[in-house]
Amino acid sequence: MRRVFGVKKQTEPPPSIQDASDRINKRGDTVEEKIKKLDAELARYKEQLKKTRPGPAQEAVKARAMRVLKQKRMYEGQRDMLYNQTYNLDQVSFAAEGIKDAQQTMSALKSANKELKGMMKTVKIQDIDNLQDEMMDLMDVSNEIQESLGRSYSVPDDIDEDELLGELDALEADMETEGEGVPSYLQPDKESDLDAELSLPSAPTGHAPMPAGRANLQADDELGLPAVPRASIRG
């Protein structure tokens, strides 16, 4: 069968943009090296023109310099053409990379959209509103409980605030009319009045008088203490 129909030749895959760009850059580097060599040769011919006198020798050097200059212009044109091709390939590569990034972004957005839809099925706005209403009711009940527990047992609920304010005004008027703005029952007691009311006897001062019979029996020493009999000292 192969002899009759032949064998299909395997076609090579087309080069990628990066492969084409690398190849063109390599050619551009080669052309750039040739231009540098021609520049060095032109510099050498310039030095020779400075040293030679006008005549056939100088004309020959000029002819060589013109030939080298023409080659340089040709290589510079090739280099510019290659740089333009590289620029175009870079633009195409940038556009292709942008499209790939857009495709990845779209895939990520589709995946996120699908995931969000699945999550939104489990969360309902009505459930959230009902939960918020229940939380508000619970907070109101909690506040009522706190107010009920903080209520004082000794203060009646039917106290008239106007009556209390009138009582307070009466107390202030009493403070202004009585001594130095302070009622008599709020003024501090005086020490002299307390001493007069109590009329306590004064505390005794000095030494108490000793009986006459005891003074004769026992005398005091230099320090005012009872003297010890001499018979007791001898033992």
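Is E32 buried, exposed or partly exposed? Select E32 and find out. This is a predicted model. E32 counts as partly exposed, at 22% relative accessibility. That value falls in the class between the 20% limit for buried and the 50% limit for exposed.

**Stop 1: E32 and R79**

E32 sits in helix α2 (residues 17-51) and R79 in helix α3, so the pair ties together parts 47 residues apart in sequence. R79 counts as buried, at 18% relative accessibility.

**Stop 2: D39 and K72**

Now select D39 and K72. Here the closest N and O atoms of the salt bridge are 2.6 Å apart. Again helix α2 supplies one partner, D39, and helix α3 the other, K72, so this bridge ties together parts 33 residues apart in sequence. D39 is partly exposed, with a relative accessible area of 32%. K72 counts as buried, at 15%.

**Stop 3**

K72 and E76 are four residues apart in helix α3, so about one helical turn separates them. Both K72 and E76 are buried. For the whole structure, the salt bridge count is five.

**Stop 4: L82**

Move to L82 in helix α3, which spans residues 56-122. L82 is buried, with a relative accessible area of 3%. Which residues does L82 touch, leaving aside those up to four places away in sequence? Show I24, R27, G28 and V31: these are its contacts. The C-alpha atoms are 6.1 Å apart in space, while the residues are 54 apart in sequence.

**Stop 5: R44 and Y45**

Select R44 and Y45. R44 lies over the face of Y45, 5.5 Å from the ring centre. What of ring-to-ring pairs? The count of aromatic pairs is zero.

**Stop 6: the V123, I125 and I128 patch**

Together they make a nonpolar surface patch of about 270 Å². Pick out I125, which is found in helix α4 (residues 125-149). I125 counts as exposed, at 59% relative accessibility.

Note on methods
Residues are numbered from 1 along each chain as its sequence is written. This is a predicted model: local features need pLDDT of at least 70, side-chain atom pairs count only at pLDDT 80 or more; totals for chains, interfaces and linings use all residues. Side-chain values use heavy atoms; hydrogens and water are left out. Helices (H or I, at least four residues) and strands (E, at least two) are DSSP runs, numbered from the N terminus. Buried means under 20% relative accessible area, exposed over 50%, partly exposed in between (1.4 Å probe, protein chains only). Contact means heavy atoms within 4.5 Å. Rings of Phe, Tyr and Trp (its six-membered ring) pair if their centres lie within 6.5 Å; planes under 30 degrees apart count as stacked, over 60 as edge-to-face and the rest as tilted. A charge sits over a ring if NZ of Lys or CZ of Arg is within 6 Å of the ring centre and within 35 degrees of the ring normal. Patches are made of residues with over 30% relative accessible area and no salt bridge: like charges are joined within 9 Å, nonpolar side chains (Val, Leu, Ile, Met, Phe, Trp, Tyr) within 5 Å. Accessible areas come from the Shrake-Rupley method with a 1.4 Å probe; for residues, only the protein chains shown count as cover. A salt bridge is a side-chain nitrogen of Lys or Arg within 4 Å of a carboxyl oxygen of Asp or Glu.
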